[in-house]
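Visitor: I am new to this structure. Please show me how to read a few of its features.

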Amino acid sequence: MSSDSLTGLHVLITRPTEQQQALRESIESHSGKVLSLPLIEIQALQQADAIQAITDQIQQLGNYQILIFVSSNAAKFAGQLIADFWPQFPPGLSTIAVGPATAKTLSLLLDVDIIQPSGGVTSEDLLKLPLLNDVGGKKIAIVRAQGGRELLAGTLRARGAQVDYLEAYRRTPVDYDAAGFCERLKTAGVNVLTVTSSESLHRLQTMLADNKEQMSLLPLLVPSERIARQARESGFVKVINANGADPENFLRALELLASSN
């Protein structure tokens, strides 16, 4: 696509501030415009007991057979701690990343082979990996934020695994005045919405409030079919699955959208 392939698009980016730069630069370098209104912020653990818990668990990684990172933030916050405590990675511990961004972060921090699904970037895609089919009696650690979906752990437990969470960071909602939020969208001329998680989709719905009916007519980019389905069920009319939350997939979806308008 040419450098002006996004001319006419003004995109709302709602992902956390520290994860926006690559997507923002990609859009602007292709003549699109951006309005940044993060709906979720990523923060390090602050409570002493939570910090001690993950420190203790990392020291026990040698007791596990499989280690799963479900986001690039999980890799970022826990990867350095693991590298510091385990200069030589525990032998026999298979490491799985949910997608390419997570795998890239891990490859920078850990000297270890990384397994990732080839067909998608969701928990459902992880569960299709051959390594996770026969897990009876195995100990598995899932690195994630505080809270989150239970599908992955629940399914692995049903398959006979012992599963523990390593909660490495926290996700905090960003509060806006709903009326002011929508006014900023209108003033900026936003004509494309984006979210990267179920949580940010829920926050977007809350912020749109009385303007939901009007704003739900705008195209909404999401990273997976699961979130696309949730968006359609909640009333968004034109939902586009970018098949990944990374900037490359979002840019590709935006270019297809721009070319169809």
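**Reading the features**

Guide: Start with Ala 75, which lies in helix H3, residues 72-85. Helices (H or I, at least four residues) and strands (E, at least two) are DSSP runs, numbered from the N terminus. This is a predicted model, in which local features need pLDDT of at least 70, side-chain atom pairs count only at pLDDT 80 or more, and totals for chains, interfaces and linings use all residues. Residues are numbered from 1 along each chain as its sequence is written, and side-chain values use heavy atoms, with hydrogens and water left out.

Visitor: Is Ala 75 buried or exposed?

Guide: Buried means under 20% relative accessible area, exposed over 50%, and partly exposed in between (1.4 Å probe, protein chains only). Ala 75 has a relative accessible area of 0%, so Ala 75 is buried. Contact means heavy atoms within 4.5 Å. Leaving out residues up to four places away in sequence, Ala 75 touches Phe 69, Gln 80, Thr 102, Thr 105, Leu 106 and Leu 109.

Visitor: In what order do the six strands of the open sheet stand?

Guide: Strands of a sheet pair through backbone hydrogen bonds, either parallel or antiparallel. Two strands count as paired if DSSP finds at least two bridges between them. Here the order is E3-E8-E7-E4-E5-E6, with mixed pairing. Strands E3 (40-44) and E6 (114-115) are at the edges with a single partner strand each, so one side of each has no neighbour in the sheet. E4 (residues 66-69) and E7 (residues 139-145) pair in the parallel sense over four bridges, and Ile 68 stands opposite Ile 142 in E7.

Visitor: Which residues are linked in a network of salt bridges?

Guide: Side chains of opposite charge can pair when their charged atoms come close. A salt bridge is a side-chain nitrogen of Lys or Arg within 4 Å of a carboxyl oxygen of Asp or Glu. The whole structure has six salt bridges, and Arg 144, Glu 150 and Glu 167 are linked in a network. Between Arg 144 and Glu 150, the closest N and O atoms are 3.6 Å apart; between Arg 144 and Glu 167, the N to O distance is 3.1 Å. This second pair links distant parts of the chain, with Arg 144 in strand E7 and Glu 167 in strand E8, 23 residues apart.

Visitor: How exposed or buried is each of these residues?

Guide: Arg 144 is buried, at 8% relative accessible area. Glu 150 is partly exposed at 43%, and Glu 167 is partly exposed at 26%.
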